[in-house]
Amino acid sequence: MPAASNTMTNTVLITGAAGFIVSNVAKEYLSAAPEARVIVFDKYKGDDLAQEHLRPYADRVEHVFGDIRDKALMRDVVQTYRPQEVIHAAAITHQAQLERDDPSVFIDVNINGTVSLLEAVKADSGLRRFVYVSTGGVYGEPSERSPAGPQGEEGPFDPPELYAVSKYTSELLVRRYGKLFGFETLRVRFADVFGPMERATGARTTLSLPYGMMRAVLEGRTLKVSSSALDAKMDIISAEEIALAFTRLLLQPGLPHDVYNIASGQHLSIRDLLEAFRSVEPRFSYVETTTAEADVTADPSLTRGRYNAYDVSRMRDLGWQPRPLKEQLERYRDWVAHDPVNRCPATSPARS
Ligand SMILES: NC(=O)c1ccc[n+]([C@@H]2O[C@H](COP(=O)([O-])OP(=O)(O)OC[C@H]3O[C@@H](n4cnc5c(N)ncnc54)[C@H](O)[C@@H]3O)[C@@H](O)[C@H]2O)c1
């Protein structure tokens with residue numbers, strides 16, 4: 001790690017930025033804030049996509065590889081770069097088999113990793129804000145308490161699996177450390193996400209439906225979708241739109257809230273998503289099958305809680321509005337078309 005100090009520039013430490021969503025955030029922020037410098041902290045060294053993605057801004061980007069749980073390293077990173085903002089997104093996302101085989105890994109990476117970073121920044125008087133990237137998974141399974149209208153930031157909360165439990169716990173830890181040590185905190189929660197930079201990093205094995213649709217096109221195969229899944233609904237958005245929303249939050253002085261949903265705000269059926277993709281990518285085709293034969297299954301009865309459309313009025317009040325879905329899909333199609341082998345790979349790296 002080079003010796004570095006931070007005087008005039010705004011330095012942002014982003015954990016998990018070699019991965020999918022926040023690599024888009026890093027790029028958008030670097031584009032919108034010409035004085036900003038970004039420290040990409042991640043464990044993932046598996047491909048060159050993250051470096052390639054940020055290459056236009058290479059003179060304002062440092063890549064540091066390491067494990068968020070390494071307390072000494074995190075102290076060193078904070079003391080070296082003295083970030084004014086931290087965006088913490090490094091995490092392992094839900095994997096049913098892993099949760100059974102090794103439940104403590106979710107606690108270790110997602111909770112202890114957060115604490116490791118919070119301990120590193122707590123004494124740094126230069127830190128202005130700590131942003132925690134959370135998930136709509138904290139809203140949990142539908143219950144009679146779940147709102148029928150869009151799911152707002154106020155809950156109710158009932159995180160079921162350890163991934164969501166760990167994310168909600170981290171939200172509370174971040175908020176408390178901020179109060180104790182005098183830095184601002186912000187939490188953001190996403191619903192389903194697709195878009196540029198999505199690939200298996202070893203920390204996330206469940207890839208989005210648009211990723212699966214793109215893979216089907218690249219393999220020249222028809223996607224098999226269970227009949228019941230066609231009517232299932234989701235709130236899904238491109239990571240590029242998230243990056244625009246996120247950047248708006250980062251650049252806005254004095255936010256009125258400390259937690260924001262970032263999602264489309266629309267409840268879209270899988271049928272409508274498939275049709276929207278077919279309209280922008282004529283090579284794409286799908287066929288209805290039984291659940292047993294399907295590549296894509298989903299339960300249409302799950303419409304509330306985490307499966308609901310999210311209330312994004314807080315983001316809209318800041319003037320943010322996502323581009324239309326078709327445009328988001330076109331942009332993703334074009335991004336993949338540039339280098340399909342690396343940008344929409346068939347194989348998944350094993351968890352390291
Ligand atoms: N993909 C989604 O639909 C979705 C939805 C809601 C919330 N999120 C949240 O968004 C964030 C980013 O997720 P993503 O979908 O981009 O996944 P991702 O796997 O592409 O990115 C996560 C990154 O964290 C890194 N990481 C994992 N463990 C680490 C460790 N111990 N030390 C250092 N780095 C580590 C991984 O290498 C990876 O690059 C996560 O916090 C996730 O909980 C994702």
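A residue is taken as near a molecule when one of its heavy atoms lies within 4 Å of it. With that in place, let me turn to the ligand site. Of the 28 residues around the ligand, those that come nearest are D42, A89, Y163, K167 and T201.

A word on the source. This is a predicted model, in which local features need pLDDT of at least 70 and side-chain atom pairs count only at pLDDT 80 or more, while totals for chains, interfaces and linings use all residues. Residues are numbered from 1 along each chain as its sequence is written, and side-chain values use heavy atoms, with hydrogens and water left out.

By class, the shell holds 15 nonpolar residues (Ala, Val, Leu, Ile, Met, Phe, Trp, Tyr, Cys and Pro), 6 charged ones (Asp, Glu, Lys and Arg) and 7 polar ones (the others, Gly among them).

I now come to the domains. An automatic or database domain assignment gives the bounds: domain 1 comprises 10-193 + 236-262, and domain 2 comprises 203-235 + 266-305 + 324-343. Their centres, taken over C-alpha atoms, are 26 Å apart. In contact (heavy atoms within 4.5 Å) are 23 residues of domain 1 and 18 residues of domain 2.
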